[in-house]
Amino acid sequence: MKNSTDAAFILKDVNLSFGSVPILSNVNLSIQERGVTSIIGPSGSGKTTLLRTLNRLNDALPSFQCTGSVLFRGQSIYTNGTGPIDVPRLRQHIGMVMQKPCLFPTTIYKNVVFGLKRLQLKPRSDFSSIVEETLQAVSLWDEVKDRLHRPANDLSQGQQQRLAFARALACEPTALLLDEPTASLDPQSTQAIETLIQELGTRMPVILVTHRLEQAKRLSETVIFLSEGCVCEWGGVDDMFACPSEEKTQQYLAGHTL
Amino acid sequence: MIAARRRTVMGTLLHIFVGVMTIVSVTLLVSIVAMMVAKGATALTWEFVSQPSKSFGAEGGIRSQILGTLLLTLGAGFVSLPLALGTALYQTEYLAQRLKAVSMRFIYALNGVPTILFGLFGYMVFGIYLGLGVSWLSGVLILAMMILPTMIVSIREAIEAIPARYREAGLALGMTQAQLIRAVIVPQSLAGIITGMLLGLARATGETAAIMFTATTFSGVDLPQAINEPVTTLQTHILLLSQEAIHSSATDAVWGAALMLMVLVFCFSLGAFVVRSRLRFAA
Ligand SMILES: Nc1ncnc2c1ncn2[C@@H]1O[C@H](COP(=O)(O)OP(=O)(O)OP(=O)(O)O)[C@@H](O)[C@H]1O
Ligand SMILES: [Mg+2]
């Protein structure tokens, strides 16, 4: 690993739990400022929980607890000796695409600018060009350019997922959390989104939860494997896929054909 | 074997019991409505609705009473909507989990306070202590207080029905609590907010005890010219006329006024129903 000053996220002795049920224990990780980091692991292993810890989205769940320290660009995001943490600002920096996209019951256009408009990041006159740009980026533009003012909920699942991606990009995040962003996409749109992820990875840290190992292998520099309540193994993608040091990783990788 | 037969007998008896009870209650309700319509329909002419009353209601119409009732009711809605919305938002968005339950219990309890106590309280506080007297303003304030619990409860329920993923989608974009309320919570619960208000209005329209103390004089006034003047209402008009039931013209008028009141209440409830079903599908 490179030295830690180059890290976007650093987790030290982090324990995550819901009430008395531990989800992940003793997490120690550092995630680089550039590049794609994949989180893999069986269903229910805590991938989503870990991801949502990074932008404090779990806070809304009443029983969630996080101990240890989580740093984003050198600043602790859960506890801070000097004053309260500006969580909305943190979340503005860290864009997120959720596992199940949730669009607002309004038009496609308004969904893309939903965050922009409330956060007043850009003048309104820029909105239509931003809408076009971001929808182009997620390769949705051609499919929806004639129906921008139609309800977003009429879109297919895969289109909704890309729209949610565009909505996150419109706010110009400086880091990205992606929770299975290609889960309901056909091969062609998957290809487009993967290219986008790679391109974004050259500019910012991108953390990608995925069930497709070949995708993790293709896109990421670093892989984090979660299993049985902890980070079982993490490291460079080539080492991990070529010669995993943990037996559990070996088994998991062997169980999935690449 | 015996046990089984007993069970069937019990089952049949229960079936008969709930059936009879249903028939009795439905009959009662239907006959009230039927009687209102039967007796009131003849009295409820355009003349009757559009003319002011004369000689203490024995002659003339009920125009001022209808307008008075609407003035009071809408005024109360206008005052209580921001209060109810604010309280509901505070409870759902800002209050700690433990206090939520306590505050809810308190509001349910308030909902059960007999309205005559609201009237008495309003008379003492607004009428005497604040010197507003028997006036439109006092009536509006006390009605607003009275319907507040109903409105808070239904608005709060509407807000709590918003799926968590909507909140999360907003929060994940970096919205503050205030931005979330404006962009997500209020728009997503709008149907419920309007429904809550209309149900509150329906309740206020049917109310008599509280406004008898605070807002109305039985007769002799038309529309108030200022907020500190009394109003006359359908509710109190019915009360007055029914005490003079020996005069046949008064009897006709009382049924007419009663039907009119029922129509108003029905309109608010129907409005609530329509908004609820319409906006749910839009959302
Ligand atoms: N709000 C919650 N309250 C209690 N437990 C929860 C909550 N959310 C998730 N969990 C539990 O945390 C564990 C990890 O869930 P998580 O969603 O992080 O898994 P995941 O790795 O993302 O799975 P998948 O691949 O199916 O998306 C699961 O056992 C789940 O039941
Ligand atoms: Mg998940």
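User: Leaving aside its neighbours within four places in sequence, which residues is Val70(A) in contact with?

Analyst: This is a predicted model, in which local features need pLDDT of at least 70, side-chain atom pairs count only at pLDDT 80 or more, and totals for chains, interfaces and linings use all residues; side-chain values use heavy atoms, without hydrogens and water. Residues are numbered from 1 along each chain as its sequence is written, with chains lettered from A and ligands numbered from 1 in the order in which they are written. Contact means heavy atoms within 4.5 Å. With neighbours within four places left aside, the contacts of Val70(A) are Ile10(A), Leu11(A), Val14(A), Thr53(A), Leu54(A), Gln75(A), Ser76(A), Ile77(A) and Tyr78(A).

User: Which residues touch the most other members of the largest nonpolar core?

Analyst: A nonpolar core is a set of buried Ala, Val, Leu, Ile, Met, Phe, Trp, Tyr and Cys residues joined through side-chain atoms within 4.5 Å. Buried means under 20% relative accessible area, exposed over 50%, and partly exposed in between, with a 1.4 Å probe and protein chains only. The largest core has 76 residues, and those touching the most other members are Phe9(A), Leu11(A), Ile39(A), Leu50(A), Val70(A) and Ile207(A).

User: Which helix gives the largest share of this core?

Analyst: Helices (H or I, at least four residues) and strands (E, at least two) are DSSP runs numbered from the N terminus. The largest share is 12 residues, and it comes from residues 136-160 of chain B, helix H6.

User: Is Thr210(A) buried or exposed?

Analyst: Thr210(A) sits in the loop between strand S8 (205-209) and helix H9 (213-219) of chain A. A polar atom of its side chain lies 2.9 Å from the backbone nitrogen of Arg212(A). Because its relative accessibility is 2%, Thr210(A) counts as buried.

User: Which polar side-chain atom lies 2.7 Å from an oxygen atom of ligand 1?

Analyst: A polar contact is a pair of N or O atoms within 3.5 Å; within protein, one must be able to donate a hydrogen and the other to accept it, and residues adjacent in sequence count only if both atoms are side-chain atoms. For Gln99(A) the distance to a ligand 1 oxygen is 2.8 Å, and for His211(A) 2.9 Å. The atom at 2.7 Å belongs to Lys47(A).
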